[in-house]
Amino acid sequence: MKKTYRYLAGIAVALAAAACVTLVNFNHPDSAPVNSEVTVSMDVTVENTGNGAAASNVVVAMLAPVSWNIAETAEITFSSDDMPGGPWTNQTMRLAVDADVDMNGASIASVIEGFGTRGNYEPVEWVVFVSEKQHSLPDGSSFSGTVNIKFKTGSENIRTNLSYFVGETYCSNYTDNGLDTYVIQDKVFETTGGSNDLIDYTVAKYTYVTPDMFTWEDIVAFNYDVNVEINGEPSSLKDADAVYFIGTAYYGDQTVTVDEISEKTLMLKEDNLWKKYMYPHEYFNIPAGTKIDKIEFHLTNADKSISLANPDGSEISWAETYTGE
């Protein structure tokens with residue numbers, strides 16, 4: 001897949017409640033170049049308000065674009081000068097496994113996935129890390145610590161809503177509405193300097209291609225969601241009885257346009273979605289194996305009195321998202 005500094009520092013926040021984990025400072029850049037390393041830090045306090053002195057692990061999770069491959073590229077450590085049992089200095093955080101469970105015996109990784117995509121409309125994933133070491137915190141006591149995160153951006157210009165979770169296995173009763181037992185911090189973040197037009201993960205898309213990763217050698221579906229507003233207004237074809245796909249394929253120095261009102265261009269209605277399934281080479285009569293650079297299109301109704309493209313009137317453009325290389 002084409003893996004497509006100003007710092008917000010020292011902000012005192014109180015995003016958690018009285019129990020367990022409270023966020024004190026959050027240091028995060030607003031943007032970074034593509035293919036670069038980003039450093040994030042979170043200062044937290046942890047308090048045991050009555051769960052007993054059971055052994056506990058620190059839990060840190062990050063929500064980021066799937067294409068960034070956070071599980072393999074991120075480095076996360078936890079440090080504390082007043083940790084019970086002795087200071088922790090850059091204690092390594094490992095990837096969570098099924099055996100890492102919350103107080104109810106549920107997989108922590110699975111439960112954190114339940115926090116959803118946090119306002120992202122393109123493929124993102126939660127990646128969960130757990131401290132290698134454990135500690136035991138007596139009732140009524142507390143400690144402070146710092147989470148340091150390093151990750152690498154992908155190669156595309158992306159605006160996304162990153163999310164960070166910090167919790168504890170002994171007090172993070174995630175599956176019992178324990179919303180006072182951890183913190184989640186969101187951050188709108190943008191990568192710059194790539195060759196592509198900005199992909200905005202934070203805006204609902206009224207047109208998109210499925211599957212998420214594809215080549216023009218695959219069968220793909222162009223989707224139109226009638227319920228997504230455009231600039232705060234219902235989309236122009238929301239109430240159309242029929243919607244047609246008018247497209248142009250670009251390859252080499254040539255183009256092929258299919259511009260007709262027919263069964264070939266008619267989209268299928270599935271609930272709130274209009275879909276056009278196609279094998280692009282066949283649809284545009286381009287020899288198999290020929291590299292298609294991109295496909296541009298707009299949608300129209302039966303008499304072509306209504307046309308739906310980009311808000312600025314330009315054709316909607318898509319390029320393949322996986323080369324197979």
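Glu296 and Lys294 pair up through their side chains in a salt bridge, 3.1 Å from N to O. That term stands for a side-chain nitrogen of Lys or Arg within 4 Å of a carboxyl oxygen of Asp or Glu. This is a predicted model, where local features need pLDDT of at least 70, side-chain atom pairs count only at pLDDT 80 or more, and totals for chains, interfaces and linings use all residues. Residues are numbered from 1 along each chain as its sequence is written, and side-chain values use heavy atoms, with hydrogens and water left out.

Glu296 is buried at 15% relative accessible area, while Lys294 is partly exposed at 29%. Here buried means under 20%, exposed means over 50%, and partly exposed is in between (1.4 Å probe, protein chains only). Salt bridges with shared partners also join Arg159, Glu190 and Asp200 into one network.

How many salt bridges does a search of the whole structure find? It finds nine, including these:

| Pair | N to O distance |
|---|---|
| Lys187 and Asp30 | 2.5 Å |
| Arg118 and Asp186 | 2.9 Å |

Lys187 and Asp30 link distant parts of the chain, 157 residues apart, with Lys187 in strand S13 (residues 183-192). Strands (E, at least two residues) and helices (H or I, at least four) are DSSP runs, numbered from the N terminus. Is Lys187 buried or exposed? Lys187 is buried, with 10% relative accessible area, whereas Asp30 is partly exposed at 24%.

As for the second pair, Arg118 is partly exposed at 27%, and Asp186 counts as partly exposed at 30%.
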